[in-house]
Amino acid sequence: MFKKILRLLYKLMLWFVVVSVLSVLLLRFIPIPFTPLMISRAFEQKADGREMHSSHDWVPIEEISPNLQKAVIASEDDKFLTHHGFNFDAMYKAYKGNKKGKKIKGGSTISQQTAKNVFLWQGRSYVRKVMEAYFTVLIELLWSKERIMEVYLNSIEMGEGVYGAQAAAEHWFHKDAASLTRREAASIAAILPNPLKYRATKSSRYIERRKGRIVKLMRYVKLEY
């Protein structure tokens, strides 16, 4: 009986690995029409009695301003182009800060955020963190950095019901993602820690300060995919 259970678990794990690898390989080449977060947010809107709405327009990275690419690297993951999915220094600082009750920027990299947004459900658990690490390794192995950035900028939440660079550029600045200026790109990047709370325009003092810091840091980011 015990051996049968072990064989079943082995087959299930093998099936999961094969399916997950094939899924990541497939999504290396095709646009991603929706993510689990988009579905989850739609149900939240319905449960709250609000009209369900979602704005998401996939565009290739060539049609996303380099300013926005630099802005999210400067604000979210300054080691993105050199690490292999994880920034252990940032993770350690976040861990120490959380233990002391300080508000420290999270240690999740752009690669981790992409893995979480595209492949996983919302919530916090050890199982989910393990799965996030697994998919982070997969996309780092099977996708280029440019592809990770392309998927990231087309899938992350950038306002209520607003997903991806093109939808965000239209929502906040009434223009295409390709035309975003440095300041506009920094404005979008500044709200990413909590896009449901903060605004990219008519922003709070806190967000205005973040915008200024991001614009300064963008000067040191070189897009060498």
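**Exercise 1. Work out how K211 is placed and what it pairs with.**

At 5% relative accessibility, K211 counts as buried (buried is under 20% relative accessible area, exposed over 50%, partly exposed in between, with a 1.4 Å probe and protein chains only). Before going on, note that this is a predicted model: local features need pLDDT of at least 70, side-chain atom pairs count only at pLDDT 80 or more, and totals for chains, interfaces and linings use all residues. Residues are numbered from 1 along each chain as its sequence is written, and side-chain values use heavy atoms, leaving out hydrogens and water.

Next, look for the partner: K211 forms a salt bridge with E208, with the closest N and O atoms 3.0 Å apart (a salt bridge is a side-chain nitrogen of Lys or Arg within 4 Å of a carboxyl oxygen of Asp or Glu). Both sit in helix α10, three residues apart, about one turn of the helix (helices are DSSP runs of H or I, at least four residues, numbered from the N terminus). E208 is partly exposed, at 32%.

**Exercise 2. Describe the surroundings of Q166.**

First, find Q166 in helix α8. With a relative accessible area of 7%, Q166 is buried. Its side chain reaches the backbone nitrogen of A177 at 3.0 Å.

Notes: Helices (H or I, at least four residues) and strands (E, at least two) are DSSP runs, numbered from the N terminus. A polar contact is a pair of N or O atoms within 3.5 Å; within protein, one must be able to donate a hydrogen and the other to accept it, and residues adjacent in sequence count only if both atoms are side-chain atoms. Contact means heavy atoms within 4.5 Å. Lists of a residue's contacts leave out its neighbours within four places in sequence.
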